[in-house]
Number of protein chains: 2
Amino acid sequence: MARTQGSRAEITGPAVRDAARQLFARHGFAAVSMRQIAAEVGVQAGALYAYTPDKQALLYDLLRSHMEDLLAAWHDNPAAPALDRLDAFLRFHIQTSLERPEAVFLSYMELRNLTPENRRLIADLRRRYEDALEAILIAGQAQGSMSMPDTRLTTMALIAMLTGVASWYREGGRLDQDRVMAVYGDLVRGAVGACP
Amino acid sequence: MARTQGSRAEITGPAVRDAARQLFARHGFAAVSMRQIAAEVGVQAGALYAYTPDKQALLYDLLRSHMEDLLAAWHDNPAAPALDRLDAFLRFHIQTSLERPEAVFLSYMELRNLTPENRRLIADLRRRYEDALEAILIAGQAQGSMSMPDTRLTTMALIAMLTGVASWYREGGRLDQDRVMAVYGDLVRGAVGACP
DNA sequence: GTCTATAGTCAGATAGAC
DNA sequence: GTCTATCTGACTATAGAC
């Protein structure tokens, strides 16, 4: 990875974030040194500070941009039947979790390494995402197509269940992505009281 | 916490493990120094090495003993109806998760900081625990009281869902422990196709 | 924008006294 | 079993040359 001097900001900027995301997810924020990130990118450690004021800001930036990407990418259709919206949500969540497993992993593993202020900001974004799911459950109850004892608890339970996919799913394993989504669809519909 | 010289092995041994568990869970394995652990216990850093060969062994010991405690404490009753066994399992899992949130947190956050050999050993123990749940689901299908598309995926989904409780539950919050178990009971029975 | 060099701090682990 | 002292190495972040 060693290379000679030169200027290539458009390449290095994203490369720093990619390397940090991958290394933080693999070994944990505290276990990764700025030197490791620099080596992965192919620059010297000092050069990283042209892209981030410090290591903490690098982590915060990864979590914030991930959550904002999620919120921007999710398009609900409040006019559709709640069960269809729920199916769309679980497919969206599983797909993005499998597309960006490192970012998902970081987002719920490394909250504790943020400063309190940064942690609060990320928690707010996450809350908005949870609310998107809860809105569907509330609509489903109102329409009579779902029935559950507590929409907030169900929201937390479903998100934990869906996010867990990233921790065991392996490309080329026993089940492909579509099959996993179908199985989880059955589980989720059962949990929200939409029995077949 | 500072104290004078003296010998009190029966106290210090467990205290080292308690302090390590708490600090690792709060800040992450890599972020915690042996000096921090020693300060929490009230000894000097060098004294810790009378109880553990190194930092890695300390982590491994915490994870191994937690999983072995879980396996030893779970008593299934294969003769009972599968739905009753499922209810007992989810109550057991939620209760132990809430009794020992730090150990639960560590057990699925710090696997990556184990050596490959140690990681394999912990994964084997975890697998045995997952098998205990899957056996119930298989029995439920055979008895006709449950129906699901894939018992292995359902096992992983349910464990992720139940373990997630520890991440948001707060003593004295909106719901007490019994109420949480009841709500999750409904969700779980729905997911496994045991519709009311 | 990237380099080299370094300041200043802290880490894990060990040795030997008590 | 615990202490003090220390070795050796790594860390984040900065300064100044190119």
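Buried area, as used in these legends, is the accessible area (1.4 Å probe) that two parts lose on being put together, summed over both. The model is predicted, with local features needing pLDDT of at least 70 and side-chain atom pairs counting only at pLDDT 80 or more, while totals for chains, interfaces and linings use all residues. Residues are numbered from 1 along each chain as its sequence is written, chains are lettered from A and ligands numbered from 1 in the order in which they are written, and side-chain values use heavy atoms, with hydrogens and water left out.

**View 1. The interface of chain A and chain B buries about 2800 Å².** Of this area, 68% lies on carbon and sulfur atoms. In chain A, the residues that lose the most area to chain B are A:R112, A:L153 and A:L187, which together make up 24% of what that side buries. The interface brings 35 residues of chain A into contact with 35 residues of chain B, where contact means heavy atoms within 4.5 Å.

**View 2. A salt bridge joins the side chains of B:D150 and A:R174.** The N to O distance in this pair is 2.9 Å, and the term salt bridge stands for a side-chain nitrogen of Lys or Arg within 4 Å of a carboxyl oxygen of Asp or Glu. Between chain A and chain B the count is four salt bridges. On the side of chain A that touches chain B, the elements giving two or more residues are α1, α5 (101-109), α7 (151-163) and α9 (177-191) of chain A, and α9(A) gives the most, with eight residues. Sorted by class, that side has 21 nonpolar, six polar and eight charged residues; here Ala, Val, Leu, Ile, Met, Phe, Trp, Tyr, Cys and Pro count as nonpolar, Asp, Glu, Lys and Arg as charged, and the others, Gly among them, as polar.

View 3. Between them, domain 1 and domain 2 of chain A bury about 1100 Å², with 73% of it on carbon and sulfur atoms. On the side of domain 1 of chain A, A:R17, A:R21 and A:F29 lose the most area to domain 2 of chain A, together 48% of what that side buries.

**View 4. The side chains of A:R17 and A:D61 meet in a salt bridge.** The N to O distance is 2.6 Å, and the rule finds one salt bridge across the interface of domain 1 and domain 2 of chain A.

**View 5. UniProt, in an unreviewed entry, places a "DNA-binding region" at residues 33-52 of chain A.** Such annotations may be inferred rather than shown by experiment. The end C-alpha atoms of residues 33-52 of chain A lie 14 Å apart, and the span is 40% helix and 0% strand. Chain A as a whole has nine helices and zero strands, where helices (H or I, at least four residues) and strands (E, at least two) are DSSP runs, numbered from the N terminus.
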